[in-house]
Amino acid sequence: MLNQQTRINQLLPQPGADLSDEELLNLYAYPERRPWVRFNFIASLDGSATHHGVSAPLGNDGDRRLFALIRRLCDVILVGAGTVRAEGYAGPLVSSADSRWREANGLSAHPALALISGRLDLDPHSELFSRSPVRPLIFTSAAAEPGRSQELAGVADIVICGEDSVDSRGCVQWLHGRGLGRILCEGGPSVFGRYIADDGVDELCLSLSPLLSGGAGQQISSGSDSPGLRRLELASLLESDSALYGRWVRPGA
Ligand SMILES: NC(=O)c1ccc[n+]([C@@H]2O[C@H](COP(=O)([O-])OP(=O)(O)OC[C@H]3O[C@@H](n4cnc5c(N)ncnc54)[C@H](OP(=O)(O)O)[C@@H]3O)[C@@H](O)[C@H]2O)c1
């Protein structure tokens, strides 16, 4: 259960104690520039994105509070099929209070939900589809198996975006074209790796958990090396109960 009283303090750009939701929402407001691709991840102190296969054990109350506030602000949650298979994503992705806030602030009650999958190994009868308050959309490629695509078309909008694999820029442009330019990508590592390689990351919100995970957990990005190192600039840094929450943005944005 989320403790709404969890104190989140600001270290940068200037120190501030016990930030209110309104202050946090202002800090994390999307810039005017559209489309804007924000990634949100958590990592353990020793660099793991998961503990026993999921990310939740790494988070603390401050992280959960911030995670929900970050979701409030977006037009669409974009997520890879691997994360959906590992973490669920069934049911509303924002609380009813957050929905009311969204409507009062000119957003849809629920953010759109967009999945990325090549193999379309998703169960059309799962709660991911039956309990979603919005009809999900699935970005896939022309190489997707037509039978699977047909099955899923009953419960989701299928968007072909790319020949052999899903084209990261194509997804962003497609979403932007439908007024969904404030994009929140919740991973996972394969999707993030691909966006890094394609220079498609405008912002990274990264929670650094004070926990050591040990073992062989994967890092927050995976895939082949990107053609060059990508630099982001620190926009803000918060702390709560020994966790750090940083926000890095594309230089000059
Ligand atoms: N620490 C964190 O903040 C965090 C955040 C998210 C996830 N995670 C963890 O990360 C793990 C999952 O890792 P992952 O790399 O498998 O997650 P992922 O990036 O969400 O999913 C990978 C899958 O997405 C699809 N995909 C990604 N890019 C594609 C492309 N360009 N074209 C076609 N399909 C594409 C493929 O789906 P198909 O196989 O269906 O083709 C691929 O297998 C889980 O353990 C999860 O808990 C951690």
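Colleague: Which helices and strands each supply at least two residues of the shell around the ligand?

Modeller: This is a predicted model. In it, two strands, β2 (36-43) and β3 (76-80), each supply at least two residues of that shell.

Colleague: Which residues come nearest to the ligand?

Modeller: There are 31 residues around the ligand, and G80, G82, G118, G187 and G188 come nearest.

Colleague: How does the shell divide into nonpolar, polar and charged?

Modeller: You'll find twelve nonpolar residues, 14 polar ones and five charged ones.

Colleague: New topic! Which residues touch the most other members of the largest nonpolar core?

Modeller: Those are V76, L78, A114 and I183, in a core of 58 residues. The element that gives the most to this core is β2, with six residues. As background, nonpolar side chains in soluble globular proteins tend to be buried together.

Colleague: Let's zoom in on A114. What is A114 in contact with, leaving aside its neighbours within four places in sequence?

Modeller: Its contacts are V76, L78, L137, F139 and L175. Two of those, V76 and L78, were also on the list of core residues that touch the most other members.

Colleague: Now for the backbone. Where do you see a cis peptide bond?

Modeller: One runs from L12 to P13, with omega near 5°. P13 sits in the loop between β1 (9-12) and α1 (21-27). Another cis bond links R34 to P35, where omega is near -10°. You can find P35 in the loop between α1 and β2.

Colleague: Why point those out?

Modeller: Because most peptide bonds are trans.

Colleague: OK, which residue has a positive phi although it is not a glycine?

Modeller: L120 does, at about 55°. L120 lies in the loop between β4 (112-116) and α5 (127-130). S242 is also a residue other than glycine with a positive phi, near 75°, and its place is in the loop between β9 (233-240) and β10 (243-249).

Colleague: Is L120 buried or exposed?

Modeller: L120 counts as buried, because it has 22 C-beta neighbours inside 10 Å.

Colleague: And S242, buried or exposed?

Modeller: S242 is exposed, because 12 other C-beta atoms lie within 10 Å, and a residue counts as exposed at 12 or fewer.

How values were computed
Residues numbered from 1 in each chain as written. Predicted model: local features only at pLDDT ≥ 70, side-chain atom pairs only at ≥ 80, totals over all residues. Near = placed C-beta within 6 Å. Helix = DSSP H or I, 4+ residues; strand = E, 2+ residues; numbered from the N terminus. Nonpolar A, V, L, I, M, F, W, Y, C, P; charged D, E, K, R; others polar. Core = buried A, V, L, I, M, F, W, Y, C linked by C-beta atoms within 7 Å. Buried ≥ 20, exposed ≤ 12 C-beta atoms within 10 Å, placed from the backbone. Contact = placed C-beta atoms within 7 Å.
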